[in-house]
Amino acid sequence: MSTAMNERILLATRPVGYPKESDFRLEQQPIEQPADGQFLVRVGYLSLDPYMRGRMSDAKSYATPVKPGEVMVGGGVGRVEASRHPKFAVGDFVVGPNFGWQTYAISNGAGITKVDLELAPISTALGVLGMPGLTAYFGLLEIGQPRPGETVLVSAASGAVGAVVGQIAKIAGCRVVGIVGSDEKAAYIRDELGFDAAVNYRTAPDLAKAIGEACPNGVDVYFENVGGEILDAAMRNLNHRARIPVCGMIAEYNLDKPAVGPRPGRMILVSRARMEGFLVFDFHDQYPQALAALGRWVREGKIKYREDVVDGLKNAPQAFIGLMQGKNFGKLLVRVAKLDR
């Protein structure tokens, strides 16, 4: 262990607009050994998520930004390789939000959860049975509060969060329409995930009209992952007392300056809609029951999932840039190491 090296990807410089590979730097350093109350994790999978773009900026946000020269932030799942912590033993598989873009990570156990490999593949702890699945669950059920027979519209509907939102909405007895960026993704959410309809925003000549045709009874819940022109179009189809859980604004993360466009205030007023931002961490105390429900639905085949896996830590920057451009299909993961039980 002492001769092995830890590969790390650092933020080299703050991006301007869309991130570039030159905004990242790969380096190696000796593997750190755990002190009392710590343990060492070998990372198996790294999760790539849109929120990371915000952490690369120094703009005010809900979390401290990554500074140039620091390891890029990111959730991961892996195996404990050495431990001086009373609750974590060598061989335990664990998932955590802050392992970062590196092959080995030191942890004191804060925010770390053990993974039961008998329930599902280890990668699902970063997807359908991890932060994206929990985000979908709480955002839809707690903020959106769908009722049977209502219409739920989801943007980025083939992504890690949106795909789960749509399937939970079907379980809740709703009509579900997804907005996606390709015909392949449209077919996937309709034919495999059970959405009632799909709208390709890249090919629709009039997006608001296309949404209206797919949602003939209007939109009762709009689950927002994108922002920008898609938000503008969705807002024109809201029903009275519609609910809009705001999960993300990926279309706006890479802008040099705010976009100019329709403002949602009037449509919120006219429809008396409620638009509410949320973070999955707001519901931390309810994670166990949410994971129990998600796990049950996965086992019963009511929730299906798709993973987009990239091999090698060195390829994380390129994969992340693709994520910002909508190139991934399903939950985006980097396989850092193949770990045996």
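This is a predicted model: local features need pLDDT of at least 70, side-chain atom pairs count only at pLDDT 80 or more; totals for chains, interfaces and linings use all residues.
Residues are numbered from 1 along each chain as its sequence is written, and side-chain values use heavy atoms, leaving out hydrogens and water.

Let's start with two helices, α2 (residues 131-144) and α8 (residues 287-299), which pack at an angle of about 105° with their axes 10 Å apart. Helices here are DSSP runs of H or I with at least four residues, strands are runs of E with at least two, and both are numbered from the N terminus. The axes are lines fitted to C-alpha atoms, for helices over the stretch in contact, and the angles run from 0 to 180 degrees between N-to-C directions. That angle makes α2 roughly perpendicular to α8 (under 35 degrees is roughly parallel, over 145 roughly antiparallel, 65 to 115 roughly perpendicular, and the rest oblique). On the α2 side the contact uses Gly133, Leu134, Tyr137 and Phe138, and α8 brings Tyr287, Ala290, Leu291, Ala293, Leu294 and Trp297; contact means heavy atoms within 4.5 Å. Sorted by class, these residues are 9 nonpolar, 1 polar and no charged. In this scheme Ala, Val, Leu, Ile, Met, Phe, Trp, Tyr, Cys and Pro are nonpolar, Asp, Glu, Lys and Arg are charged, and the others, Gly among them, are polar.

Leucine 129 sits in the loop between β7 (113-114) and α2. Leaving aside residues up to four places away in sequence, leucine 129 touches Ala120, Thr124, Leu291, Leu294, Gly295 and Val298. Its C-alpha atom is 14 Å from that of proline 97, 32 residues apart along the chain.

Now for another pair: the axes of α5 (residues 207-214) and α6 (residues 228-235) come within 8 Å and cross at roughly 50°. That makes α5 oblique to α6. Leu207, Ala208 and Ile211 of α5 meet Glu229, Ile230, Ala233 and Ala234 of α6. The class count for this contact is 6 nonpolar, no polar and 1 charged residues.

Next up is serine 271, in helix α7 (residues 265-271). Is serine 271 buried or exposed? Serine 271 counts as buried, because its relative accessibility is 6% (buried is under 20% relative accessible area, exposed over 50% and partly exposed in between, with a 1.4 Å probe and protein chains only). A polar atom of its side chain lies 2.7 Å from the backbone oxygen of methionine 267. Not counting residues up to four places away in sequence, serine 271 touches Leu238, Asn239, His240, Arg241 and Ala242.

Most residues other than glycine have a negative phi. Arginine 241, in strand β12 (residues 238-246), has a positive phi of about 65° although it is not a glycine. Arginine 272 has a positive phi too, near 55°. Arginine 272 belongs to the loop between α7 and β13 (274-277) and is partly exposed, with a relative accessible area of 45%.

Last stop: phenylalanine 39, in strand β3 (residues 39-47). Phenylalanine 39 is buried, at a relative accessible area of 0%. The C-alpha atoms of phenylalanine 39 and serine 83 are separated by 4.1 Å, with the two residues 44 residues apart along the chain.

How values were computed. A polar contact is a pair of N or O atoms within 3.5 Å; within protein, one must be able to donate a hydrogen and the other to accept it, and residues adjacent in sequence count only if both atoms are side-chain atoms.
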